Amino acid sequence: MKALIHWQMVLLGTALQAQAAVAQQATVSGHHHHGQAGTAATYAPPASPNLRHAADAPDHVMDHQVLFSKVTIDQLERRQHNSGALEGSAWFGGDRDRVWLKTEVEQEEGETEKAELQALYSRAISPYWNLQAGVRHDFERESDSRNWGIIALNGLAPYFFEVDSSLFVGENGDSALRVEAEYELLLTQRWILTPEMEVNFYGQNHRNSTTGSGLSDLEAGLRLRYEFTPKFAPYLGVHYEKKFGNAADFAREEGDSPSETTWVIGLRTWF
Amino acid sequence: MKRPNLCHQNISRRTFVTGAAAGAALAGISGGAGARERQSVLNGEAVHTLRGNRFDLNIGYTPVNFTGRDRTAVTVNGGLPGPILRWKEGETVTLNVANHLAHDSSIHWHGIILPSDMDGVPGLSFAGIQPGGSYRYQFELNQSGTYWYHSHSDFQEQQGLYGAIVIDPAEPDPVAYDRDYVVLLSDWSDESPHDIYANLKAEGHFYNRRRRTAGDLWDEIRAKGVAQTWRDRKMWNEMRMSDRDISDVTGYTYTFLMNGQTPDANWTALFQRGEKVRLRFINASAMSIFDLRIPGLKMTVVASDGQNIEPVSVDEFRIGVAETYDVIVEPDGDSAYTLFAQTIDRSGFARGTLTPDPALQAAVPAMDYAPVLTHRDMGMGHGAHGDGGSHKMDGMDSAGSTDGRKDHSRHAGHNMEPMGGMDETDHSQHSGMTDSALHNRASEQYSLHGGRPGLGGMQGVWFTDALGRAGHGSNSSIVHLPSEFGYGVDMRSSMPGDGLHDPGIGLRDHANRYGRRVLTYADIRNLTPTRDQREPSRELQLHLTGNMERYMWSMDGIKFDDAQPLMLKFGERIRITLVNDTMMTHPIHLHGMWSELETGDGDFIPRKHTVIVQPGSKISYLVTADAYGRWAYHCHLLYHMPGMFREVRVV
């Protein structure tokens with residue numbers, strides 16, 4: 001469709017040019033030159049144009065419709081007590097429309113505690129915000145897995161807080177809300193301190209994934225990274241998790257503590 | 001060899017790769033008719049000069065090594081820069097350009113007034129030069145002065161495809177000199193330009209190594225107190241912008257070259273006692289704006305963009321990407337001088353030496369302090385006005401605002417709602433008018449098709465009434481189109497500053513601080529009278545727009561892909577007013593026609609091909625549409641070009 005409109009414009013332009021050329025040829029032919037000299041008094045608008053032009057040139061001034069991609073691993077880390085985590089995202093597309101993947105994986109005592117993958121369509125809706133819609137799949141530890149639909153808003157809030165908030169609607173009317181915020185404090189151009197927080201709310205209890213209705217859990221972290229390059233930055237930090245209400249009860253029933261603080265060492269990278 | 005003074009804050013080692021001493025290894029491919037000569041007697045690989053009126057130019061790959069790492073450049077006749085083409089006004093030149101690359105290529109003759117199909121812009125002027133193919137350019141030279149040429153294909157300009165053009169005048173030259181040197185500035189990166197662009201798209205601040213730190217904040221608090229610091233930071237934080245965003249691509253990846261030589265390789269030119277030396281400065285960079293000075297020497301600027309001007313004596317001038325300035329210097333016969341070109345963000349420099357003796361060189365000065373942006377650079381007016389976040393800036397509130405393309409059917413008078421920011425207009429300039437009166441006046445005054453619907457130019461804002469006098473600039477209201485309220489625009493100047501008397505960010509206090517006289521556009525006066533003294537019949541107000549966070553660039557919020565051509569009627573005289581709604585300095589280049597800068601003197605309007613538009617400022621020039629065809633009109637910063645680009649069609 002766009003190409004069609006373009007060619008109409010080209011044809012229109014050609015027709016207009018031809019028309020103008022005929023009109024111009026009827027006028028007296030003058031000579032103008034572009035040199036340094038020239039007197040203002042005698043200047044007349046050019047009347048004898050060079051009619052060579054390339055109206056039929058193809059429409060590619062440069063490669064404009066280039067698609068880009070970015071794979072970010074925000075956290076790839078070892079935590080105390082033989083546990084670890086992976087958090088990352090990837091996008092592919094143009095300036096407005098992109099496909100996103102987001103993932104979170106947590107290991108505890110050597111086995112995968114939690115793993116989820118989101119696939120989203122993302123559209124830029126304002127200078128700093130993207131509206132996203134898609135699906136999430138949870139790979140549960142010992143029971144059946146779960147699927148969710150997602151509406152998310154992500155972007156950069158005033159004061160440079162990176163915010164990702166997602167509303168999840170699951171099978172059987174399950175619902176959940178997750179809000180994540182991150183801030184980058186530059187100590188120097190290379191030493192960067194990153195406080196971040198994630199809060200999860202659920203509409204229902206779910207014993208297998210130790211989530212409870214209402215405010216279920218909170219994760220907070222403080223990581224200090226060193227950017228050897230913007231794309232390669234190892235870090236040290238501290239990670240804190242706390243479960244609330246029913247979620248805390250489920251954790252206690254399994255013999256886990258509802259809150260935990262661990263040291264972490266990891267790598268942040270993107271390409 | 002004297003080393004540059006590196007005692008600067010926050011400088012990483014990589015910031016100052018000034019080039020391995022080896023310099024460029026350039027394998028010369030022979031090509032081109034006409035005599036060849038060396039431009040300078042020193043430093044091995046001098047830039048060749050080709051004279052005559054028939055030239056064979058070969059675009060090909062050339063191995064180079066500027067930083068200690070082997071890389072491949074894209075060059076003309078094996079040189080980086082390509083050969084200096086020395087022409088004579090009045091002659092017809094023929095250039096057979098052969099493309100030996102694996103990709104399409106092209107050469108654009110920057111600043112040369114010629115037929116559209118000789119302009120060398122693929123997609124507008126011609127189909128480009130295919131691999132293994134060639135194109136025969138032929139045109140008559142109706143001008144003299146200093147110009148340059150470069151590829152208009154892909155990012156080849158970043159890879160080395162550029163060179164100087166000097167056209168000797170047919171009449172006796174009004175400028176007297178004994179020696180004549182081209183000083184071509186450029187920026188080289190070992191990264192591929194596609195990687196640079198991808199990095200910017202992923203993180204707009206990727207190459208900014210001078211971002212604000214906790215240490216800066218502490219210094220600021222100690223200097224100004226917590227309250228004032230909070231007020232100062234509030235605006236930037238709420239806007240999610242950095243006052244340290246001066247350049248997109250910096251010395252973090254660039255090595256800056258003078259005539260293809262790194263600062264360490266030190267390009268050198270000779271003179272003898274008592275000689276007047278003409279230096280033809282050309283900024284052939286992809287992304288780097290330079291501030292140029294020669295410590296110890298006054299420079300008399302005699303030409304701008306190839307056009308003779310009334311001589312102005314200065315200590316320093318800013319040269320935007322694609323601009324050219326010719327200066328005359330009269331050095332003392334006993335000393336050497338450093339030609340010092342520091343980038344606008346002070347992340348690096350190019351340098352060379354002017355000396356009576358090859359054994360002599362001068363100290364390389366420390367770079368000046370790095371500028372930070374102020375309210376003024378946001379187009380928010382001066383002083384206390386617009387303090388503390390009372391301005392209008394985008395946030396989530398503009399979500400879902402109208403898409404620019406839907407608005408083409410809108411007519412004058414229906415555009416009340418989008419004129420955000422106008423209520424902040426300095427009322428003193430419109431004494432006695434209420435806000436609504438101002439809105440009414442503005443909406444009656446402009447239309448989206450310039451009163452010439454037959455031309456189909458439904459782009460930009462056109463004014464036809466109450467235009468300012470030719471040479472004196474615009475007095476039309478600032479109108480932000482609905483298309484400026486989308487996801488691709490992060491800022492709009494409500495009170496754009498004066499782009500004429502302002503030497504630019506980082507130079508404003510150089511007179512007070514260092515006692516240097518800095519050139520401004522207002523200083524430039526053409527040597528000969530204005531040829532076309534008609535008043536403009538209509539005025540186009542075009543806004544330069546972008547989103548730093550998303551690294552998107554556009555005009556009026558519409559990127560080139562989605563834009564329709566700007567239609568001009570052959571022979572008409574119009575005014576173009578550029579409003580910079582970004583924090584970046586943009587050099588804007590109109591192909592095929594002169595941009596006659598309105599400096600306040602209608603009788604001696606200087607003609608330029610590239611005009612710097614300061615951040616948050618506006619500037620006006622006149623254009624006589626005396627060249628049929630399809631012409632490119634764009635920001636000359638290479639990575640802004642894909643979006644900040646328009647086709648101008650003269651019919």
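**A walk through chain B**

Chain B holds 4 helices and 35 strands, where helices (H or I, at least four residues) and strands (E, at least two) are DSSP runs numbered from the N terminus. This is a predicted model, in which local features need pLDDT of at least 70 and side-chain atom pairs count only at pLDDT 80 or more, while totals for chains, interfaces and linings use all residues. Residues are numbered from 1 along each chain as its sequence is written, chains are lettered from A and ligands numbered from 1 in the order in which they are written, and side-chain values use heavy atoms, with hydrogens and water left out.

Of the 651 residues of chain B, 68% count as buried, a word that stands for under 20% relative accessible area, with exposed meaning over 50% and partly exposed in between (1.4 Å probe, protein chains only). Among contacts in chain B between residues at least 6 apart in sequence, 77% link residues at least 24 apart, a contact being heavy atoms within 4.5 Å.

One part to look at is an open sheet of 6 strands in chain B, with the order β12-β11-β14-β19-β16-β17 and mixed pairing; two strands pair if DSSP finds at least two bridges between them. Because β12 (254–258) and β17 (307–314) of chain B each have a single partner strand, they stand at the edges, and one side of each is left without a neighbour in the sheet. Within the sheet, strand β14 (residues 277–283) of chain B runs antiparallel to strand β19 (residues 324–329) of chain B, and 6 bridges join them. In this pair, B:Arg278 stands opposite B:Ile328 of β19(B).

Next comes the interior. In soluble globular proteins, nonpolar side chains tend to be buried together. Leaving aside residues up to four places away in sequence, B:Leu95 touches several residues, including B:Phe55, B:Trp87, B:Trp109 and B:Phe139.

Finally, helix α1 (residues 193–202) of chain B is mostly covered, with 7 of its 10 residues buried, among them B:Ile196, B:Tyr197 and B:Leu200. The buried residues of α1(B) pack against β1 (68–79), β2 (83–93) and β13 (259–270) of chain A together with β11 and β26 (552–555) of chain B.
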